[in-house]
Amino acid sequence: MISLKREVDTLNELERATNELRAQIERTKASEILNEEDEELTKLQLENMKLKHRLSILERVKALEAKKQCTSTAISSNNLTDSTSSFSAIAIPTTIDEMIPISAHLTDLFTNAIASAFPHLAGTSAVITPVSSNATKFGDYQCNSAMSLSKTFKADQSSNKSPRDIAQEIVKQTTASPLIDKLEIAGAGFINVFLKKSYAVSALTNTLRIGVKPPQVKRQRILVDFSSPNIAKEMHVGHLRSTIIGESISRLLEFVGHDVLRINHLGDWGTQFGMLIAHLEERFPNFLNESPPIGDLQAFYKESKKRFDEDEEFKKRAYNRVVELQSGEANSTKAWKLICDVSRKEFQKIYERLDVKLSEKGESFYQSRMVEIVKFLEQNNFLELDEGRRIMWPTDEKTGIPLTIIKSDGGFTYDTSDMAAIRYRLEEEKAEWIIYVVDAGQSIHLQNIFLAANRCRILDPCYHRADHVQFGVVLGEDGKKFKTRSGDTVKLTDLLDEGLKRSLAKLKEKERDKVLTPEQLRAAQESVAYGCIKYADLSHNRLNEYVFSFDKMLEDRGNTAVYLLYAYSRICSIARNSGKDFSHVNKVLDTVKIELEHEKEWKLAKTLLKFPDILLKISKSLLLHLLCEYCYEVCTTFSEFYDNCYCIEKDKCGAIIKVNCSRILLCEATALILRECFNILGLKPVDKI
């Protein structure tokens with residue numbers, strides 16, 4: 001790898017020169033002899049960045065060579081179909097036998113080709129788009145960079161190359177890839193990419209042998225803040241989206257290899273606890289020695305709130321209990337713990353039903369850290385006095401809405417606890433990426449928290465990432481905010497119970513109770529009930545509102561959980577009904593090779609190969625409806641395959657006369673990938689439904 005060594009040497013020299021210039025900057029800033037806008041430094045940094053990008057591509061190729069222990073083979077031609085053009089390929093590793101992100105691979109490949117064809121444009125990222133499965137004559141992917149590069153050439157007047165001429169230059173410099181069967185230049189300058197079937201066969205075979213593996217990513221420590229109900233209040237439909245979305249994001253990030261902290265930021269501190277403690281003392285004066293029967297906390301909360309609003313003496317006692325609680329007084333602390341424990345038990349029932357896992361760090365956890373964040377902000381002159389309050393502006397320009405760090409009465413606010421929380425998460429938990437799964441109504445608040453944390457250098461954009469994963473509200477079928485007929489907020493436990501009731505009715509309507517055992521029926525009922533509630537939420541773009549409708553959720557056609565679960569169950573049944581043993585798939589693979597001769601076999605295989613790219617795309621956008629759309633695409637593509645390609649042939653009497661083991665292996669690969677998608681989405685598929 002002589003070229004790699006040359007690139008490394010050049011890069012090292014540029015880094016040395018850059019470091020020298022940076023040192024000079026630090027020494028001479030006072031006299032302004034040199035500053036960050038120095039032309040020479042900027043030029044070196046740009047060249048350094050370009051070389052680093054090229055080097056990373058070369059190093060991945062080198063790592064692949066070592067991993068596969070392949071010898072480089074010279075490829076004389078790359079089957080370019082163009083009446084006027086041809087190109088010679090460069091020797092590269094000849095095999096990749098695992099499922100990789102194809103779009104990412106092609107982006108690297110063509111980015112490197114652009115750099116080789118036009119050195120002054122090194123670092124320009126290639127534009128890669130997948131081709132619709134209904135337009136396969138244009139290939140499977142396209143590189144569409146030639147058009148934009150043509151505009152670049154015209155803008156700097158360095159050349160008047162047409163997009164087609166540019167495309168031909170890129171193709172000439174494109175290294176042969178084990179994923180690519182052929183390239184074609186079409187139209188004004190589109191580069192059509194056709195995938196190799198041999199790669200698909202190897203990748204799917206490898207998946208069947210060792211399981212579905214995630215794309216390789218740089219491992220990060222990520223904290224996901226989601227669910228966050230309030231103590232002494234029942235979880236309601238308003239908590240549904242945060243809980244479901246946060247759980248699926250956590251599952252996705254864990255699957256791709258990140259270290260994920262799932263945090264439940266409970267509302268367990270503040271004025272409401274003063275009134276709850278005061279009410280507890282009066283209703284159950286012996287609570288210190290005997291656990292009070294306050295199972296219905298919602299009713300208990302309403303009673304205390306009514307008294308707080310109507311009784312001035314009670315209100316004074318409530319405020320006193322808040323002060324005592326915050327100072328650590330023993331009796332108030334015990335009362336607070338009793339109330340919290342009752343709520344936690346109710347929350348946990350919901351989380352177990354939804355298969356959600358969380359670690360609790362409520363507002364109370366940050367009480368001592370709120371004191372510390374106030375000291376920190378005061379010492380660094382970020383706080384200002386404003387009508388008795390101590391405020392902090394999110395930016396140095398002092399525009400927008402300031403944070404209230406200390407109220408005029410000396411108390412703390414949500415701003416204080418959120419600043420303490422973000423500091424704890426970044427500095428003590430060592431999170432590199434924090435994700436707040438909170439409704440869209442908190443957008444301005446969280447934006448200000450991120451800006452303020454950035455201003456006081458708690459959050460460093462060079463090392464940290466902070467995202468607000470916002471979502472719209474849940475609507476009823478009348479288009480208004482989802483409520484009961486009486487106008488109350490829908491309790492989450494009631495919603496789940498209704499889901500179980502309706503899913504059982506749907507299964508009985510299809511007479512599944514006559515063919516399933518009681519245990520299988522119960523498993524199917526829960527799978528459908530909880531799955532349809534989760535999927536209805538996740539299948540919509542979270543940025544939008546959506547209408548909650550059990551009737552639509554339980555439809556067995558279209559992009560619904562019921563359709564996907566039935567499809568998965570049918571796929572699993574194919575191997576089971578074949579009369580052959582596919583339980584030890586490695587033994588089958590020793591004698592059977594996947595074949596992709598039929599166009600529908602090939603279409604299904606290519607759909608399955610999209611999985612790593614889909615995961616990477618969602619990891620960046622945190623939009624889970626993309627995974628739902630992919631699941632639906634897999635199932636509909638499988639249906640086309642199954643309708644056109646016999647897996648099991650039977651005679652008129654129903655006896656099996658032929659089994660196509662290759663196609664059943666393709667069925668098994670489909671089931672494997674769907675199962676992993678379902679796991680990320682929190683669906684629990686069953687083999688029989």
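Phe118 and Phe153 are both buried in this predicted model. Their rings also form a pair: the centres sit 5.2 Å apart and the planes meet at 70°, so the arrangement is edge-to-face, given that anything over 60 degrees falls in that class. It's a link between distant parts of the chain, with Phe118 in the loop between α3 (102–117) and β1 (128–130) and Phe153, 35 residues away, in helix α4 (residues 145–156).

Tyr568 belongs to helix α18 (residues 561–576) and Phe678 to helix α23 (residues 661–681), so the pair ties together parts separated by 110 residues in sequence. Both Tyr568 and Phe678 are buried.

These two are among the 15 aromatic pairs that the structure holds. Elsewhere, ring pairs join Phe255, Phe611 and Tyr630 into a cluster.

Two packed helices are described by the angle between their axes and the distance between the axes. For α20 (residues 599–609) and α23, the angle is about 25° and the axes are 11 Å apart. Since angles under 35 degrees count as roughly parallel, that is the label for α20 and α23. Their crossing is left-handed. On the α20 side, the contact is made by Glu601, Leu604 and Leu608, while α23 contributes Arg663, Leu666, Ala669, Thr670 and Ile673.

Zooming out, the protein has 23 helices and 16 strands. Of its 689 residues, 51% count as buried. What share of the contacts between residues at least 6 apart in sequence joins residues at least 24 apart? The figure for the protein is 73%.

The loops have a few things to show as well. Thr560 is in the loop between α17 (550–553) and α18. With a relative accessibility of 9%, Thr560 counts as buried, because the cut-off is 20%. Setting aside neighbours within four places in sequence, Thr560 is in contact with Tyr535, Lys552, Met553 and Glu555. Gly531 is 29 residues from Thr560 in sequence, and the C-alpha to C-alpha distance between them is 9.3 Å.

Backbone torsions come next. Most residues other than glycine have a negative phi. Ser227 is not a glycine, yet its phi is positive, at about 75°. Ser227 is in the loop between β5 (221–225) and α7 (240–255). Is Ser227 buried or exposed? With a relative accessible area of 4%, Ser227 is buried.

Glu511 is another non-glycine residue with a positive phi, in this case about 60°. Glu511 is located in the loop between α15 (492–509) and α16 (518–538). At 44% relative accessibility, Glu511 counts as partly exposed.

Terms used:
Residues numbered from 1 in each chain as written. Predicted model: local features only at pLDDT ≥ 70, side-chain atom pairs only at ≥ 80, totals over all residues. Heavy atoms only, no water. Phe/Tyr/Trp six-rings, centres within 6.5 Å; stacked < 30°, edge-to-face > 60°. Helix = DSSP H or I, 4+ residues; strand = E, 2+ residues; numbered from the N terminus. Buried < 20%, exposed > 50% of the residue type's maximum accessible area, 1.4 Å probe, protein only. Axes fitted to C-alpha atoms, helices over the stretch in contact; angles between N-to-C directions. Parallel < 35°, antiparallel > 145°, perpendicular 65-115°, else oblique. Left-handed = near helix turned anticlockwise from the far one by under 90°. Contact = heavy atoms within 4.5 Å.
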